[in-house]
Amino acid sequence: MWVESLVREQARQAHGLVSRSRLLDLGASHHEIVRRIETRRLDQVHPGVYYVDAVARTWRTDVLAAVMAAGPGALASHRTAARLWQLDSIFGNVIEVTVPFNEEPDPHGVIVHRTRRANDGSEVEGIPVTSPAKTLLDLAWMMPLRTMVKAGRSAVRRQLTTPSDMDQTVRLFGGRGVAGTRKFRLVVGFVADDRSGSVSEIDLKHIVFDAPVPTPVQQLRVRLLDSSNAYPDFAWPDRMRIVEVDGFEAHGTPEQLQKDLSRQNQLMELGWEIRRFTATEIRDDPQRVRSEVVRFLNKPFRAD
């Protein structure tokens with residue numbers, strides 16, 4: 001017999017969803033299920049997966065419905081997993097799931113990746129999902145390197161994974177026949193070696209390293225006049241040049257601003273020339289930033 005309170009409680013625990021098998025376990029009959037679909041008291045999202053208006057329907061409702069419909073072992077993956085983990089630079093409402101090879105039909109409107117390899121599962125808000133590191137590996141074949149580095153950096157910054165975990169993931173799940181393995185290894189290297197503290201610094205790093213200028217030293221230790229140390233973002237000691245991100249984190253309070261100005265003045269007294277770029281111009285006009293970096297570094301060699 002259909003017990004409304006039990007059905008709604010089940011739905012509240014699963015983003016408003018309940019499966020046919022679960023309804024039968026709760027005592028509902030086939031006739032009761034069909035009747036409620038006909039009277040629109042149940043909304044069939046996929047065959048055997050229903051939405052009950054116990055909670056508001058959201059994108060996460062549709063993601064969990066796709067996972068439930070895809071069959072045993074299914075996990076939200078790729079771009080969907082990246083959004084669930086809130087990784088930087090991965091956006092959109094596309095729904096992707098990864099499932100073992102089985103006889104289940106593909107859920108309508110869902111991108112299904114089938115695999116014979118083992119998967120690394122986790123959970124976000126009750127939704128089965130690939131682990132952060134496995135999500136990054138899955139994305140590597142479809143996303144630009146710069147996007148992948150941002151996403152990897154954000155995963156490490158938010159303590160969702162570590163470079164060591166990422167390296168272990170590529171050894172377990174990557175390798176020959178896995179698209180994106182080579183790029184993912186580059187990402188692991190960038191994330192492990194990157195000493196930058198913000199997404200803007202990562203963007204600037206790509207601009208600087210792509211520009212026709214000598215390779216800079218990151219976080220070079222410079223002894224200041226007051227015996228403290230400065231660690232500029234990018235430095236060229238032979239040219240006494242520094243390029244930095246002028247971000248909010250650098251001087252978000254009056255005290256930080258004063259400290260930053262003192263540091264900059266001391267660097268200039270020591271003979272360093274400094275060029276700073278805001279996070280906004282790095283993001284919105286990278287080509288201009290690149291050109292300015294080139295001019296700044298090549299200035300001593302340019303004819304007047």
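The paragraphs below go from the nonpolar cores to the helices, the strands and a few single residues. The model is a predicted one.

In soluble globular proteins, nonpolar side chains tend to be buried together. Here the largest nonpolar core has 47 residues. Leu84, Val97, Leu136, Met166 and Phe184 are the residues with the most contacts inside this core. Helix α4, residues 59-70, gives the most to the core, with eight residues. Apart from this core lies another one, of 16 residues, and among them are Val213, Phe277, Val294 and Phe296.

Valine 97 lies in strand β5. With a relative accessible area of 0%, valine 97 is buried, because buried means under 20%. Again not counting residues up to four places away in sequence, valine 97 touches Ala66, Val67, Ala70, Leu75, Ala76, Ser77, Val110, Ile111, Val112 and His113. As for distance, the C-alpha atoms of valine 97 and arginine 153 are separated by 24 Å, and these two residues are 56 residues apart along the chain.

Next come the helices. In helix α1, residues 4-12, the buried residues are Val7, Gln10 and Ala11. Seen down the axis of α1, these buried residues fall within an arc of 100°, so they line one face of the helix. What covers them includes β1 (17-19) and α2 (20-25).

Helix α5 covers residues 78-84, and histidine 78 lies in it. Is histidine 78 buried or exposed? Histidine 78 is buried, with a relative accessible area of 5%. Leaving aside neighbours within four places in sequence, histidine 78 is in contact with Glu96, Thr98, His113, Thr130, Thr135, Asp138, Leu139, Trp141 and Met142.

The strands are the next topic. Strands of a sheet pair through backbone hydrogen bonds, either parallel or antiparallel. Strand β7 (residues 121-124) and strand β8 (residues 127-130) pair in the antiparallel sense, over four bridges. Within this pair, glycine 121 stands opposite threonine 130 in β8, and serine 122 has valine 129 in β8 as its bridge partner. The two strands form a hairpin, with two residues between β7 and β8. In the turn, glutamate 125 has a positive phi of about 50°.

Elsewhere in the model there is an open sheet of four strands, in the order β9-β12-β13-β14, with mixed pairing. The strands at the edges are β9 (217-218) and β14 (273-277); each has a single partner strand, so one side of each is left without a neighbour in the sheet. Strand β12 (residues 234-236) and strand β13 (residues 241-245) run antiparallel and are joined by three bridges. Tryptophan 236 stands opposite arginine 241 in β13.

Some loop residues also have a positive phi. Glutamine 86, found in the loop between α5 and β5 (96-100), has a positive phi of about 60° although it is not a glycine. Serine 227 is in the loop between β10 (222-223) and β11 (229-230). Phi of serine 227 is near 75°, a positive value in a residue other than glycine. Serine 227 counts as partly exposed, at 47% relative accessibility.

The last topic is the aromatic rings. How many aromatic pairs does the structure hold? The number of aromatic pairs is zero. The charged end of arginine 57 sits over the ring of tyrosine 51, and here the distance from the ring centre is 5.8 Å.

Key:
Residues are numbered from 1 along each chain as its sequence is written. This is a predicted model: local features need pLDDT of at least 70, side-chain atom pairs count only at pLDDT 80 or more; totals for chains, interfaces and linings use all residues. Side-chain values use heavy atoms; hydrogens and water are left out. Buried means under 20% relative accessible area, exposed over 50%, partly exposed in between (1.4 Å probe, protein chains only). The arc is that of the directions from the helix axis to the C-beta atoms. Contact means heavy atoms within 4.5 Å. A nonpolar core is a set of buried Ala, Val, Leu, Ile, Met, Phe, Trp, Tyr and Cys residues joined through side-chain atoms within 4.5 Å. Rings of Phe, Tyr and Trp (its six-membered ring) pair if their centres lie within 6.5 Å; planes under 30 degrees apart count as stacked, over 60 as edge-to-face and the rest as tilted. A charge sits over a ring if NZ of Lys or CZ of Arg is within 6 Å of the ring centre and within 35 degrees of the ring normal. Two strands pair if DSSP finds at least two bridges between them.
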